[in-house]
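Trainee: I would like to learn how to read a protein model feature by feature. Could you take me through one?

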Amino acid sequence: MSETRLLTNAAIATMASGAPGAAYGLIANGAVAIRDRKITFAGPEAEAPEADSVLDCGGRVITPGLIDCHTHLVFGGNRAREFEARLNGKSYEEIARAGGGIISTVKATRAASEDALVESALPRLDALIAEGVTTIEIKSGYGLDTQSELKMLRAAKRLEGERAIRVKKTFLGAHAVPPEFDRRADDYIDHVCIEMLPAARAENLVDAVDGFCEGIGFTPDQITRVFEAAKSLGIPVKLHAEQISNLGGAKLAAGYGALSADHLEYLAPADAPDMAASGTVATLLPGAFYYLRETKLPPVDALREAGVPIAIATDCNPGSSPMTSVLLAMNMACTLFSLTPEEALAGVTRNAAKALGLGGECGVIENGATADLAIWNVRHPSELSYFIGYNPLYKRVFEGTL
């Protein structure tokens, strides 16, 4: 027989869109009821239902479980030496064109076994879980051949069994041109569309399809072919767009109703309304901005004015954002991009859920949503973006289980 668990004596940051009352959808002196892995009540404690068990939260803040909606968590090796090279004057693009960058990680990932990829990813995943993360997206894109891409996606899927975490798997075959297709990018895109993506789909390893639309990646025409292949298979799309140049990737993504367009430092403000009209989330990645010492800021004001939902993620990857802290990403989004703490928290809850196609299911505290929660040793949710290097997590709840 299922039981009702009640969390009481808490400030509830519901983060529900259009929630009445104060910022954060905050309910002072609130309570949350959980039954069968779902939230059945979120409101004033005085109105809470009877329960089989009660947890007194001691006045702490409860938020939705955090969501890291853009990561490359599974990979082989690391690129610490490239980090050193950048500090000695080499640009990210120079390193990539010299055979470093993504391709150096491809070599290490191809050489690693599936078991080794799982083993190396677990400490990074554990760091995120320790900060209240309950859902994570993991991309492929470091295999760049059929078997290696499948190996990455299988490793990502296995992580969901190793830990109490929800994993959304994204196929990123169009990440870079592998050495065996050197100077034959169009042929490689054919390979992605005709062989790689259908093989991943056949194993039920794909929740979304992504691509890297940049001068050092793929052209809008090539990405269009990938999106058409995804569309034919009924798979939603998203896109790395406008990170180091403006090729119109975000507008292209919006035209396909993409879940998200990510990075966006070079987004043309005039393209923001297209994203809003299609419901495409703008996922900002301050870790990469910081790590690459970028100076071009994403047009946050234009995104706000157009009503584009803004998500925040770590972009955890070995080359441009080796970061495993969502809390730090929130702080960076505030300090570097001038988001408010409320926007930052929405960016790793409600809007991050939308970026993964989970809007209404996760990222909010409301009746019917999955009972993914984080209970914090803070008195106000703004503290989550305020601290640097301090993790105030008290308890994490995943699908109703503490």
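The dialogue below covers pockets, aromatic rings, charges over rings, cysteines and backbone angles.

Trainee: What should I know before I start?

Mentor: This is a predicted model, in which local features need pLDDT of at least 70, side-chain atom pairs count only at pLDDT 80 or more, and totals for chains, interfaces and linings use all residues. Residues are numbered from 1 along each chain as its sequence is written, and side-chain values use heavy atoms, with hydrogens and water left out.

Trainee: Which residues lie nearest the centre of the largest pocket?

Mentor: Ala96, Arg97, Val177, Asp182 and Ile216 do, out of 18 lining residues. A lining residue has an atom within 4 Å of a point. Helices α2 (92–97) and α3 (102–111) each supply at least two lining residues. The largest share, 3 residues, comes from α2. Helices are DSSP runs of H or I with at least four residues, strands are runs of E with at least two, and both are numbered from the N terminus.

Trainee: What classes of residue make up that lining?

Mentor: The lining of the largest pocket has 10 nonpolar, 5 polar and 3 charged residues. Nonpolar covers Ala, Val, Leu, Ile, Met, Phe, Trp, Tyr, Cys and Pro; charged covers Asp, Glu, Lys and Arg; the others, Gly among them, are polar.

Trainee: How many residues line the second largest pocket?

Mentor: That pocket has 19 lining residues, with Glu342, Glu343, Ala346, Arg350 and Asn351 nearest its centre. Two or more residues each come from α11 (300–306), α13 (341–347) and α14 (350–355). The largest share, 4 residues, is from α13. The volume of the second largest pocket is about 300 Å³. Its lining counts 8 nonpolar, 7 polar and 4 charged residues.

Trainee: Now rings. How many aromatic pairs are there?

Mentor: A pair of aromatic rings is described by the distance of the centres and the angle of the planes. Rings of Phe, Tyr and Trp (its six-membered ring) pair if their centres lie within 6.5 Å; planes under 30 degrees apart are stacked, over 60 edge-to-face, and the rest tilted. The count here is 8 aromatic pairs.

Trainee: Why is the pair of Tyr188 and Phe218 called stacked?

Mentor: The ring centres of Tyr188 and Phe218 are 6.2 Å apart and the planes meet at 25 degrees, so the pair is stacked. Tyr188 lies in helix α6 (residues 185–202) and Phe218 in the loop between β9 (208–213) and α7 (220–232), so the pair ties together parts 30 residues apart in sequence. Both Tyr188 and Phe218 are buried. Buried means under 20% relative accessible area, exposed over 50%, and partly exposed in between (1.4 Å probe, protein chains only).

Trainee: And Phe227 with Tyr256: what are the distance and angle?

Mentor: Phe227 and Tyr256 are 5.3 Å apart centre to centre, with 65 degrees between the planes, an edge-to-face pair. Phe227 is in helix α7, and Tyr256 is in the loop between α8 (249–255) and β11 (260–263), 29 residues away. Phe227 is buried at 1%. Tyr256 is partly exposed at 25%.

Trainee: Which charged end sits over the ring of Phe75?

Mentor: That of Arg124, 3.8 Å from the ring centre. The rule wants NZ of Lys or CZ of Arg within 6 Å of the ring centre and within 35 degrees of the ring normal. Lys296 also lies over a ring face, that of Tyr266, at 5.9 Å from the centre.

Trainee: How many disulfides does the search find?

Mentor: A disulfide is a covalent bond between the sulfur atoms of two cysteines. The cut-off is a pair of cysteine sulfur atoms within 2.5 Å. The whole structure has 0 disulfides. The sulfur of Cys193 is 14 Å from the closest cysteine sulfur, in Cys213, too far for a bond. Cys362 is buried at 4% relative accessibility.

Trainee: Last, the backbone. Where is Asn29 placed?

Mentor: Asn29 is in strand β2 (residues 26–35). Its phi is near 50 degrees, a positive value in a residue other than glycine. Asn29 is exposed, at 60% relative accessibility. Glu399 also has a positive phi, about 50 degrees, and is not a glycine. Glu399 lies in the segment after β15 (393–397).

Conventions
On a 1 Å grid over the protein atoms alone, a cavity is a set of points where a 1.4 Å probe fits but cannot get out, and a pocket is an open set with protein on both sides within 12 Å along at least five of seven lines; lining residues have an atom within 4 Å of a point. Grid points are joined across faces, edges and corners, and a volume is the space filled by probe spheres set on the points.
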